[in-house]
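Reader: Could you walk me through this protein slowly, please? I am new to reading structures.

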Amino acid sequence: MRIARFSIDGNVAFGAVEGDPAGGPDALLVDIIKGVPFAEFELSGTKVPLSKVRLLPPVLPNKVVAIGRNYAAHAAELGNEVPDAPWAFFKPSTSVVGPGDPIVYPSFSQEVHHEAELAVVISRLCRDVPRERVKDVILGYTCANDVTARDTQRTEKQWARAKGFDSACPLGPWIETSIDLATASDLAITATVNGELRQAGRTGQMVHGIEDLIVNITEAMTLLPGDVLLTGTPAGVGPLLPGDEVAVTIEGIGTLTNKVISRG
Ligand code: MG
């Protein structure tokens with residue numbers, strides 16, 4: 001099931017997206033969910049065309065935990081070593097935006113980069129999750145862009161500003177819940193800018209896989225329903241400029257598209 005969060009006529013709801021995305025927005029319908037997707041829920045049977053709603057970030061996380069240097073070729077392209085253990089950092093909830101929302105260039109940067117990433121959405125409160133239970137704490141998967149002010153990242157030891165500015169965490173277009181952990185662990189992932197291919201990899205190239213990452217993070221902290229894990233980016237990161245359109249596509253999930261604008 002593809003679970004979207006959207007607004008229609010001033011109301012916000014979750015819904016299940018039906019239809020083939022290849023047919024365009026008019027081919028897709030949203031069946032409105034009664035309640036929230038983190039517990040038992042029912043479909044209302046009330047369906048609206050996707051073209052009539054505004055998609056929002058598919059989830060509003062309490063926190064986004066992200067992993068740096070988790071693809072060897074990406075670490076190498078920035079002249080970095082792959083760390084032995086997962087290298088986690090936070091992106092604040094206020095950095096999250098949805099599909100179609102603008103990525104707003106921060107005033108302090110002249111070099112904002114795209115980073116296409118698989119995002120894991122957590123289904124339930126969890127701590128100290130053993131490997132064999134990881135699949136039980138995952139609601140599904142979505143596309144993410146770990147937008148980064150690369151110049152700021154180089155000059156500031158902590159990445160709070162470089163990776164935490166408003167709009168630095170596009171998520172979407174929806175949460176795909178029908179992909180299992182094994183499938184999610186080997187999907188094609190790409191980023192294009194203005195239609196030109198910039199990044200192309202597979203989630204199977206992660207140094208530390210999804211299970212290892214969730215075990216590692218929950219050794220330290222409680223994850224809450226709706227929390228999001230960004231799993232690192234493949235090689236090919238590069239600059240975005242105001243006016244650019246960046247699209248992250250993950251096989252079997254969908255495409256997350258955002259336009260870059262300057263701060264007015
Ligand atoms: Mg990243």
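Predicted model: local features only at pLDDT ≥ 70, side-chain atom pairs only at ≥ 80, totals over all residues.

Reader: Okay, how many helices and strands does the chain have?

Author: The protein chain has five helices and 20 strands. Its radius of gyration is 17 Å, close to the 18 Å that the globule rule gives for 264 residues, so the chain is as compact as a globular protein of that length.

Reader: And what share of the residues is buried?

Author: Buried residues account for 52% of the 264 in the protein chain. As for the surface, the chain exposes about 11,400 Å², of which carbon and sulfur atoms supply 52%.

Reader: Switching topic, how many aromatic pairs are there?

Author: The count comes to four aromatic pairs. In one of them, Phe14 and Phe38 have ring centres 6.3 Å apart and planes at 90°, and because an angle over 60 degrees counts as edge-to-face, that is what this pair is called. The pair links distant parts of the chain, with Phe14 in strand β2 and Phe38 in the loop between β3 and β4, 24 residues apart.

Reader: Is Phe14 buried or exposed?

Author: Phe14 counts as buried, because its relative accessibility is 12%, whereas Phe38, at 25%, counts as partly exposed.

Reader: What about Phe108 and Phe165, how are their planes arranged?

Author: Those two rings are also edge-to-face, with 6.4 Å from centre to centre and 80° between the planes. Phe108 and Phe165 are 57 residues apart, and each sits in a loop.

Reader: Which residues form a cluster?

Author: Trp87, Phe89 and Trp159 form one aromatic cluster.

Notes
Residues numbered from 1 in each chain as written. Heavy atoms only, no water. Helix = DSSP H or I, 4+ residues; strand = E, 2+ residues; numbered from the N terminus. Rg over C-alpha atoms; globule rule 2.2 N^0.38 Å. Buried < 20%, exposed > 50% of the residue type's maximum accessible area, 1.4 Å probe, protein only. Areas by Shrake-Rupley, 256 points an atom, 1.4 Å probe, with all protein chains shown as cover. Phe/Tyr/Trp six-rings, centres within 6.5 Å; stacked < 30°, edge-to-face > 60°.
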